[in-house]
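Colleague: Please take a close look at one part of this model for me. I want to know how the side chains around it are packed.

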Amino acid sequence: MDDKTALEDLKRKVKEFCEERDWDQFHNPKDLAIGISTEANELLDIFRFKSIEQMEIMMEDDRKRKHMEDELGDVFFFLLRFAQRNGFDLSTCLRNKMEKNDEKYPVEKIKGKNLKYTEL
């Protein structure tokens, strides 16, 4: 459960999993970043060429949701591992980025719009 799990516990679980398999040797920043991207693209591939209606139906299909869940898990695994191996505090990363986004996307200029900050 997200509301009962600390990120540090998840990072520790991923670390133990990888150390038991002697994978530290393969988990440099470049290869972990590639893993994040690769797994994110596998999630994206599920939705390729699908209409809004098809995606809504997919979200009701337990088998397809399980596939999405697996891909989300893979992305999260690589994200946690990258942070764990390289000393990033993900909560701080997100807080700092949200502060920057708050400046780039002021509510009074962006509310209800999907523009990039450079288009405001």
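Modeller: Start with a pair of sulfurs. The sulfur of Cys-93 is 19 Å from the closest cysteine sulfur, in Cys-18, and that is too far for a bond. This is a predicted model, in which local features need pLDDT of at least 70 and side-chain atom pairs count only at pLDDT 80 or more, while totals for chains, interfaces and linings use all residues. Residues are numbered from 1 along each chain as its sequence is written, and side-chain values use heavy atoms, with hydrogens and water left out.

Searching the whole structure turns up zero disulfides (pairs of cysteine sulfur atoms within 2.5 Å). Cys-18 is therefore in none, with the sulfur of Cys-93 as its nearest cysteine sulfur. The two cysteines sit in unlike surroundings. Cys-18 is buried, at 0% relative accessible area, whereas Cys-93 is partly exposed, at 34%. The cut-offs, with a 1.4 Å probe and protein chains only, are under 20% for buried, over 50% for exposed, and partly exposed in between.

Cys-18 belongs to the largest nonpolar core, together with Val-14, Leu-32, Phe-77, Phe-78, Leu-80, Ala-83 and Leu-90. Such a core is a set of buried Ala, Val, Leu, Ile, Met, Phe, Trp, Tyr and Cys residues joined through side-chain atoms within 4.5 Å. Two elements give two or more residues to this core: α1 (7-20) and α4 (62-86). α4 gives the most, with four. Helices here are DSSP runs (H or I, at least four residues), numbered from the N terminus.

Next, the two helices together. α1 and α4 pack at about 90°, their axes 9 Å apart. Axes are lines fitted to C-alpha atoms over the stretch in contact, and angles run from 0 to 180 degrees between N-to-C directions. The pair is therefore roughly perpendicular (65 to 115 degrees). α1 brings Leu-7, Leu-10, Lys-11, Val-14, Lys-15, Phe-17 and Cys-18 to the contact, and α4 brings Phe-76, Phe-77, Leu-80, Arg-81, Ala-83 and Gln-84. Contact means heavy atoms within 4.5 Å. By type, these residues are nine nonpolar, one polar and three charged. Ala, Val, Leu, Ile, Met, Phe, Trp, Tyr, Cys and Pro count as nonpolar, Asp, Glu, Lys and Arg as charged, and the others, Gly among them, as polar.

Last, look at Leu-80. Setting aside neighbours within four places in sequence, Leu-80 contacts Leu-7, Leu-10, Lys-11, Val-14 and Leu-90. Val-14 and Leu-90 are also in the core with Leu-80.

Technical notes:
Angles under 35 degrees count as roughly parallel, over 145 as roughly antiparallel, 65 to 115 as roughly perpendicular and the rest as oblique.
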